[in-house]
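Q: Can you walk me through how the domains sit against each other in this one? Here is the entry.

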Amino acid sequence: MMMKITRCSTAVVESNYDYTFVRIHADNGVYGTGECFFAPGLTSALRAMFPLLIGRDAREVDRLARLLWRKGSGAGAVAGYLYNAVSGIETALWDLLGKSTGLPVYQFLGGKVRDEVRVYADCHAGNNLESWDSMLVERRPRWLDEAIAREADHDVRYDPSLYWERARAMAAAGFDALKFDIDSIVILTGDELHRPLHRWEIDRMVECVAAAREGAGDRVDLAVDCHWRFAPSEAIRISRALAAYDLLWLEDPCPPENWRDISEIRIAGGCPILTGENQNRRHGFWDLVAQRAVDLVAPDFQKCGGLLEGKRIGELAELQGIRVAPHNIASPLGTIASAHVCATLPNFTALEFHGSDVPFWSKLVKFTGGDRPVIERGRIPIPEAPGLGCELNEDEARRYSKAGETFFDD
Ligand code: MG
């Protein structure tokens with residue numbers, strides 16, 4: 001029987017990023033919730049899409065996602081932030097369908113091949129009490145001011161001892177995969193893409209990675225993020241300098257637009273290469289996979305087009321023996337949604353966790369059928385309850401609701 005969409009709404013939580021939620025109600029009295037990757041004007045784009053959904057059959061998830069792709073073809077064409085909106089809507093539809101049928105979301109993606117999902121902790125440059133708006137301008141919501149006031153050495157940055165301490169602490173918390181930024185060492189120059197790196201800069205990167213490696217110990221995998229900061233020639237120097245540290249991957253060593261640059265770094269450097277967080281739909285990953293330009297892809301399921309499209313990207317990568325380590329900066333709700341996809345991918349490596357510095361992160365969801373931590377000893381046990389298996393904790397979320405945005409129907 002048809003499950004007619006009756007109402008849609010949004011809410012935004014001002015966290016380390018804008019956690020943007022979309023909720024879809026159907027005429028069976030059930031609703032589903034999804035999360036979108038942040039973007040300027042995102043809730044306005046969502047509201048523009050909602051009339052296309054009202055009265056449609058919520059069970060036709062792929063049909064509706066494709067309708068939104070097509071209707072966004074003028075404004076967004078094959079890529080861009082409209083896919084952030086589509087991704088959140090698509091996730092909300094899966095949650096709605098799962099709750100309406102009594103099935104967990106992973107069942108709609110072919111069923112799971114694992115019962116828990118390995119999580120890697122993003123450790124930034126050691127210290128990362130920060131919050132960014134949708135154009136990546138730094139901001140200070142009240143929760144952040146309060147957290148910074150509690151921290152003695154907040155202004156110390158890019159020091160190997162911070163990498164050591166952070167790696168030691170996160171390993172002790174049970175994570176067996178960590179990621180650190182090294183590009184932030186040169187961030188303040190503003191011209192890093194256009195100049196050769198100084199010897200001391202590469203030496204400092206090596207010192208930081210060596211410190212993280214020592215702090216983490218031999219049983220913890222280590223990845224390093226460059227945030228597209230370097231020209232390919234410099235990225236090759238970095239990759240060679242770090243080759244001895246057996247990295248899980250070197251992430252986004254150069255700008256993402258040209259797969260040939262990435263391929264060149266992969267071949268000439270010594271580290272496995274990961275990229276993909278900027279890409280939308282399978283098409284964004286096609287060359288990277290077909291040309292074997294990478295060792296791992298990092299689709300962001302709150303951005304790439306949704307959970308089913310994420311599953312398809314994973315399958316595309318599998319054809320070439322390429323692994324998947326999804327990018328994720330979401331709230332626990334989006335993180336759990338991503339974990340449902342990861343549970344179904346045989347070539348999955350680890351899912352990002354980007355909220356360890358947000359004091360209220362894990363309080364933002366409630367699990368269906370009983371309280372439990374989101375992440376236990378570096379793993380997310382896959383919820384077996386219908387839909388995503390969790391709900392947004394609205395009391396907690398409302399406390400950090402972004403000014404000027406609606407909170408669902410309020
Ligand atoms: Mg990254």
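**Domain interface**

A: This is a predicted model. Between domain 1 and domain 2 there are four salt bridges.

Q: Which residue does glutamate 14 meet in a salt bridge?
A: Glutamate 14 pairs with arginine 139 through their side chains, with an N to O distance of 3.5 Å.

Q: Which elements give two or more residues to the domain 1 side?
A: Three strands do: strand 1 (5-14), strand 2 (18-26) and strand 3 (31-36). The helices are helix 2 (61-71), helix 3 (82-101) and helix 12 (394-399).

Q: Which of them gives the most?
A: Helix 3, with 10 residues on the side of domain 1 that touches domain 2.

Q: What about nonpolar, polar and charged on that side?
A: The domain 1 side has 17 nonpolar, 10 polar and 11 charged residues.

Q: Back up a bit. Where are the domain bounds?
A: Domain 1 is assigned 5-102 + 394-399, and domain 2 is 109-392. In the contact, 38 residues come from domain 1 and 43 residues from domain 2.

Q: What separates the centres?
A: Taken over C-alpha atoms, the centres of domain 1 and domain 2 are 25 Å apart.

Q: What area is buried between them?
A: About 3,500 Å², with carbon and sulfur atoms giving 58% of that.

Q: Which three residues supply more than any other three on the domain 1 side?
A: Asn16, Tyr17 and Phe37, which supply 18% of the area that domain 1 buries against domain 2.

How values were computed
Residues are numbered from 1 along each chain as its sequence is written. This is a predicted model: local features need pLDDT of at least 70, side-chain atom pairs count only at pLDDT 80 or more; totals for chains, interfaces and linings use all residues. Side-chain values use heavy atoms; hydrogens and water are left out. Domain bounds come from an automatic or database domain assignment. Contact means heavy atoms within 4.5 Å. Buried area is the accessible area (1.4 Å probe) that two parts lose on being put together, summed over both. Helices (H or I, at least four residues) and strands (E, at least two) are DSSP runs, numbered from the N terminus. Ala, Val, Leu, Ile, Met, Phe, Trp, Tyr, Cys and Pro count as nonpolar, Asp, Glu, Lys and Arg as charged, and the others, Gly among them, as polar.
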